[in-house]
Amino acid sequence: MLANRLIACFDVINGMVTKANKFQNNIDIEKAEIVAKRVYDMQIDEIIFYDIKASAEKRPIDLKLVETVGKEVFVPFTVGGGIRNLTDMYNVLKAGAEKISVDSMAVRNPDIIAEGAKAFGTQCIVLSMQVKKVEKTTKIPSGYEIAIDGARVFTGMDALEWAKRAAGLGAGEIVVNSIDNDGTHQGYDLLITSMIADNVSIPVIASGGAGKMEHLYDVFTKTQASAGIISSMLYSTKIEKNFTVKEIKEYLQEMNVNIRPYIH
């Protein structure tokens, strides 16, 4: 069985890592390359980098920043934001990323998933989903709706159906970003995470809400998620206590969770 992963995810605006609450009111933390180097030195398993305004501003991703961050980290590095076509994907990989994250553009043009998987391999294509709990309807039977453009636009798409469709198109991983739980530090949305992980055969990454080590124990023991995003736990100024990767991994090992070990 593959070990579960801890992932740091950076929401970046103008070169600065930011933290938000429910996708709003972003507060600057520090330059992206500085935060990346710090969490890499902590032995984070993977890093995800989102240029979060690129799609909404209809511009390409900041490749120079991708290169700068990529030079500081030597773990799997996923990059997203403003990815519109295969050329953008190629440029991101050339700049130092190992995986490409698609989100809003994939909703607008689902074929980009299949095209990317064919060109670069399914292992390179990560679908990021912005999900919000809503009333169950015949159109949204899961009770979770897909949003795009930084949770500014709601699509009427059912989150579970979109996840299954994306997996069928060739996505290699899915990040489930809970809009409701984002920045709350109250724990992941276990229901939608579990729902999606149980219905696709590719790895699912839980995102949004981690604030305590117990939240990771819950997501790894109560769902089939293979990774958890822990950004706030590492560096958010809004959280009561920040943790090190070492502390988190040692806690999870003590709780008999299959996690990649911390190397002393």
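## Exercises: helix packing and one buried valine

Helix α3 (residues 86-94) and helix α5 (residues 111-120) have axes that come within 10 Å and cross at roughly 50°. This is a predicted model, where local features need pLDDT of at least 70, side-chain atom pairs count only at pLDDT 80 or more, and totals for chains, interfaces and linings use all residues. Residues are numbered from 1 along each chain as its sequence is written, and side-chain values use heavy atoms, with hydrogens and water left out.

**Exercise 1.** Work out how α3 is oriented relative to α5, and which residues meet.

*Step 1.* Start from the crossing of roughly 50°. Angles under 35 degrees count as roughly parallel, over 145 as roughly antiparallel, 65 to 115 as roughly perpendicular and the rest as oblique. That makes α3 oblique to α5.

*Step 2.* Next, the hand: this crossing of α3 and α5 is right-handed, meaning the near helix is turned clockwise from the far one by less than a right angle.

*Step 3.* Now list the contacts (heavy atoms within 4.5 Å). From α3 come Leu86, Met89, Tyr90 and Leu93, and they meet Ile112, Glu115, Gly116, Ala119 and Phe120 of α5. Sorted by class, the residues of this contact are 7 nonpolar, 1 polar and 1 charged. Here Ala, Val, Leu, Ile, Met, Phe, Trp, Tyr, Cys and Pro count as nonpolar, Asp, Glu, Lys and Arg as charged, and the others, Gly among them, as polar.

**Exercise 2.** Decide whether valine 257 is buried or exposed, and find what it touches.

*Step 1.* Locate valine 257 in the segment after α10 (245-254).

*Step 2.* Check its accessibility: at 8% relative accessibility, valine 257 counts as buried (buried is under 20% relative accessible area, exposed over 50%, partly exposed in between, with a 1.4 Å probe and protein chains only).

*Step 3.* Leaving out residues up to four places away in sequence, valine 257 touches Asn4, Tyr217, Phe220, Thr221 and Leu252. The C-alpha atoms of valine 257 and phenylalanine 220 are separated by 7.2 Å, although these residues are 37 residues apart along the chain.

Notes. Axes are lines fitted to C-alpha atoms, for helices over the stretch in contact, and angles run from 0 to 180 degrees between N-to-C directions. Helices (H or I, at least four residues) and strands (E, at least two) are DSSP runs, numbered from the N terminus.
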